[in-house]
Structures are given as structure tokens and as C-alpha cells.
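User: I would like to learn how to read a few features of a protein model. Can we go through one together?

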Amino acid sequence: MGRLGFLLALCAALAFFPALSSPAQPQSETPMGPVPVFEFHSGFWVNLHHFLYQQAREQRDPGASKSPHEPAQGLTEQERQAWEEAVSFYAANYADRDLLFNSDLIALKNQLGDFEDCAELAGASRKECDAGLPGKITPVLDRAAPVYRAHWWPEHDRANRRWVAAVSPLVRQKGLGLAERLAEIYQSRWPKEKIRVEVSAYANWAGAYTTLDPLRVTISSRDPANQGEAALEILFHEASHGPAGPVQNAIVRECRQRNKAIPRDLWHALLFYTTGEAVKTAMKTPEPARSMPGQTYVPYAIREGLYARGWSGYLALLERYWQPYLEGRATFDEAIARMVSAM
């Protein structure tokens, strides 16, 4: 997409989205046409939750977050007190827990997403907005909400919607083909329902994560690694955590049969490799949405140096034994067996 075309599409998308004061709505339909596979949300409560978590982590360890520091500026004394109480609550109760692995944080994130249309969470104005959140989190969020809404949310929401507007053409053009191809590779079925994507100014330390049952993706709209064509790969990498279950099961089964230790993160490296190769193949055909026409797409794991940080052995295995399967020169079972055998 040329610069002029991108700006026109972006302006059209921003004009289409509801005003910032209105409840966040799914953004799977855009002026550029229907978007398959994913259902995008820029939800107020999910964004507030992740922002408080990020600030609490930063309070505990200033070097814990790669996200830009956003100090509270221009707050009244009452606002400052409410905000500091919320950050302190998160620091005491959540900062030491992982958003991806902690079941309480997963449940909280999902509940907040389900109540994104509510202005408060205690049911004071609408009974159906009583979210039933655990512990003492409801009054903490309700007191912090006006502060966040006044000082940070407008810019965070704009960033989220800009990101959705930018990635939507690629999803529309490549999404169904990629979903079908990845399901075929993993010998699984892609979800029939659109996958919910929580677009947030902040996600976790990695910039995106996925939780299961239900399958939901949370992705940072402002992480530099999630921009441009890489946004498409990150979406499908995260979404693949559901359909790729047979890969992890096959690796575990093969290791047990050979009395070998189950390799840590091999399945995750395989997901990065597979999605990267699938997107690279999809990008070989020139499309109007290409931001770099004529250039070869560089997969996320290579560009971000993931293999150089302890996965170099996995990369060699994947190139030698998994790549032939992707090219139709080996079966799924053969590829898994050969990788495990070579370890």
C-alpha cells in the first residue's frame, strides 16, 4: 500500500470507529471490507487492567518493562490518590504473577473483556454491569477508571484503532488462506468462530500473549515489533497456540517413546518458524497491501533474534527436518520423529 493509500484507509477507518466516549465495539468490520478470522476489540477495561499491571511492574522494578514510561501528569490530588492506590493494589496483588500463566489473571482479563461496554463494574448504573470480579478489585478499578479515561485512554484507544486500521487490509487479503494453511500444517481445525483479539496499548513483556479456553489473543498496539507486515505474523502466531496442540502432543509422545527428555520450547520455536514461513510464502505474491513491494519478508523470530537467544539448535532442526514437511517432502509424523531422534 502506498503512503497516500494508507493515509486514506486510515482516515476512513478512524472516521468509522465510534467516538472515544462511546463503548468499545468489535472492529471485525471496517470500511475496507469484512475482516475474516479475527474480531478486534479496543476495550477500556482490558486496557486499564494491562496499564495498571505495567505500571505496578515498573514500580517494583523500573527495568521490568520495555514499554515507554508514562508518568501521571496534570492529575488533581484526588485523581493522583486514586491512581496511586490502584497501582499499589496491583503491585501488591498482581505484579509478581504472570499474565499468561496465572489462572486468576487470565480469568480477570477475560471478565474485563466481556464487560467492555460497561462504564463501571459494580452494577450501580446497570445491573447487567455487575461483573462479579473477585476480591477487592472492583472498587479499585472503578476509582481508577475516571483518571485513566481522562488522562491516558484517548491516546491509547487511538493507537489501538490505528493499529487495527493498518493490519486489516492484510488480514482481509491473506487471512483465510493463512488460517487454512496453518490448520493443514498442524493437522488440526482452525476455529470456526472469529478469534477475539484484545488490542491494548500494553500487553505483557513479550508484546503479545494468548490464553486458551476460550482462545483469546492480547496484543500491544504500540510495541515496535508488532507493526507493519509483522502484525499479521504475530496475530497468526498467537492464534496458532490453539490449533497447534497436535504438534506439542506429537513431540511429547515421540520423546516418551524414545525415552528422551521433552525439549523445552521446541514446540514454541516450531510455531514461530511455521508462521514465519507461511507468512513469507503468502507475501511472495505482490498485493496492494504490501508495504515493501519487491522485498522478501523476514520472519519475526529471525528479525527479533529469538533463535540467537538459545534457540539456535532448534532452528537447525527445523530447517533440516520440519522444512521438508512444509514443502511436502515428508509427512508430519516423519518430521516430528526425525527432529526428536536428532536431539
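User: Which residue does the disulfide join to Cys 118?

Analyst: One note before we start: this is a predicted model. The disulfide joins Cys 118 to Cys 129, with 2.1 Å from S to S. The structure holds 1 disulfide.

User: Where do Cys 118 and Cys 129 lie, and what does the pair tie together?

Analyst: Both Cys 118 and Cys 129 lie in the loop between helix 4 (103–114) and helix 5 (137–151), so the pair ties together parts that are 11 residues apart in sequence.

User: Is the disulfide left-handed or right-handed?

Analyst: Look at the torsion about the S-S bond. For Cys 118 and Cys 129 the torsion is about -85°, so the disulfide is left-handed.

User: Are Cys 118 and Cys 129 buried or exposed?

Analyst: Cys 118 is buried, and Cys 129 is buried too. Cys 255 has 1% relative accessibility, so Cys 255 also counts as buried.

User: Now helices. How is a packed pair described?

Analyst: Two numbers describe two packed helices: the angle between their axes and the distance between the axes. Take helix 7 (residues 230–239) and helix 9 (residues 266–282): their axes come within 9 Å and cross at roughly 135°. That makes helix 7 oblique to helix 9. Their crossing is right-handed.

User: Which residues meet where helix 7 touches helix 9?

Analyst: From helix 7 come Leu 232, Glu 233, Phe 236 and His 237. They meet His 268, Leu 271, Phe 272, Thr 275, Gly 276 and Val 279 in helix 9. By type, the residues of this contact divide into 5 nonpolar, 4 polar and 1 charged.

Conventions:
Residues are numbered from 1 along each chain as its sequence is written. This is a predicted model: local features need pLDDT of at least 70, side-chain atom pairs count only at pLDDT 80 or more; totals for chains, interfaces and linings use all residues. Side-chain values use heavy atoms; hydrogens and water are left out. Axes are lines fitted to C-alpha atoms, for helices over the stretch in contact, and angles run from 0 to 180 degrees between N-to-C directions. Helices (H or I, at least four residues) and strands (E, at least two) are DSSP runs, numbered from the N terminus. Angles under 35 degrees count as roughly parallel, over 145 as roughly antiparallel, 65 to 115 as roughly perpendicular and the rest as oblique. A crossing is left-handed if the near helix is turned anticlockwise from the far one by less than a right angle, and right-handed if clockwise. Contact means heavy atoms within 4.5 Å. Ala, Val, Leu, Ile, Met, Phe, Trp, Tyr, Cys and Pro count as nonpolar, Asp, Glu, Lys and Arg as charged, and the others, Gly among them, as polar. A disulfide is a pair of cysteine sulfur atoms within 2.5 Å. Buried means under 20% relative accessible area, exposed over 50%, partly exposed in between (1.4 Å probe, protein chains only).
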